Amino acid sequence: MQIDDRLDQPIIVEEMAAALGCSKFYFLREFKKLTGQTPYQHLLEKRLERAQAMLAQGETNIFTTALAVGFSDQSHFTRAFKKRFGTTPGKLNR
């Protein structure tokens with residue numbers, strides 16, 4: 001399972017652990033050891049990076065981008081984007 005290939009879908013920690021044949025708790029501990037992030041933080045970072053690239057290309061609007069990278073609503077996407085990049089996706093999309 002490649003996280004990058006499934007950014008637009010819900011990703012469940014139990015599924016990732018099962019794919020590797022380990023327990024959820026072992027997976028969480030080892031993932032953090034290897035990446036320095038929790039799976040959720042890593043997934044959020046990947047989603048925001050892809051969204052930034054999509055918006056920079058100017059081929060999509062904010063709502064469509066939010067859905068394409070796995071956010072269920074534009075408000076959550078905008079808050080996360082601003083927290084990560086210091087600007088709103090609307091300012092980047094101009």
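**An aromatic cluster and salt bridges in an all-helix model**

Phe 71, Phe 77, Phe 81 and Phe 85 come together as one aromatic cluster. The structure described here is a predicted model, and a search through the whole of it finds four aromatic pairs. In one of these pairs, Phe 81 and Phe 85, the ring centres lie 4.7 Å apart and the planes meet at 55°, so the pair is tilted. A pair of aromatic rings is described in just this way, by the distance of the centres and the angle of the planes. Both Phe 81 and Phe 85 belong to helix α5, which covers residues 74–85. The two are four residues apart there, about one turn of the helix. Phe 81 is buried, with a relative accessible area of 0%, whereas Phe 85 is partly exposed at 21%.

The protein has six helices and zero strands, and its elements from the N terminus on read α-α-α-α-α-α. Its C-alpha atoms fill a box of roughly 45 × 20 × 20 Å along the principal axes. Of the 94 residues, 29% are buried. Among contacts with a separation of 6 or more, 43% are between residues 24 or more positions apart. The protein exposes about 6,000 Å², and carbon and sulfur atoms supply 52% of that area. As for charge, there are 14 positive and 10 negative charges, and their mean positions are 9 Å apart.

Four salt bridges turn up in a search of the whole structure. One of them joins the side chains of Lys 24 and Glu 14, at 3.3 Å from N to O. Lys 24 sits in helix α2 (residues 24–35) and Glu 14 in helix α1 (residues 13–20), so this pair ties together parts that are 10 residues apart in sequence. Both partners are partly exposed, Lys 24 with a relative accessible area of 31% and Glu 14 with 42%.

The side chains of Lys 33 and Glu 30 meet at 3.0 Å, N to O; both lie in helix α2, three residues apart, about one turn of the helix. Lys 33 is exposed, with a relative accessible area of 60%, while Glu 30 is partly exposed at 21%.

Arg 84 and Glu 45 also form a salt bridge, with the closest N and O atoms 2.8 Å apart. This pair links distant parts of the chain, since Arg 84 is in helix α5 and Glu 45 in helix α3, 39 residues apart. Arg 84 counts as partly exposed at 38% relative accessibility, and Glu 45 counts as buried at 19%.

Helix α3, residues 39–57, also holds Arg 47. This arginine is buried yet has no salt bridge. The nearest side chain of opposite charge belongs to Asp 8, 7.1 Å away, and a salt bridge needs a nitrogen within 4 Å of a carboxyl oxygen. Neighbours within four places in sequence aside, Arg 47 is in contact with Arg 6, Leu 7, Gln 9, Pro 10, Val 69, Gly 70 and Phe 71. Of these contacts, Phe 71 leads back to the aromatic cluster, where Phe 71 is a member.

One further residue of helix α5 is Ser 75. Ser 75 is partly exposed, with a relative accessible area of 43%. Ser 75 and Phe 63 are 12 residues apart in sequence, and their C-alpha atoms are 9.2 Å apart in space.

How values were computed
Residues are numbered from 1 along each chain as its sequence is written. This is a predicted model: local features need pLDDT of at least 70, side-chain atom pairs count only at pLDDT 80 or more; totals for chains, interfaces and linings use all residues. Side-chain values use heavy atoms; hydrogens and water are left out. Buried means under 20% relative accessible area, exposed over 50%, partly exposed in between (1.4 Å probe, protein chains only). Contact means heavy atoms within 4.5 Å. Accessible areas come from the Shrake-Rupley method with a 1.4 Å probe; for residues, only the protein chains shown count as cover. Lys and Arg count as positive and Asp and Glu as negative; His and the chain ends are not counted. The place of a charge is taken as NZ of Lys, CZ of Arg, CG of Asp or CD of Glu. Rings of Phe, Tyr and Trp (its six-membered ring) pair if their centres lie within 6.5 Å; planes under 30 degrees apart count as stacked, over 60 as edge-to-face and the rest as tilted.
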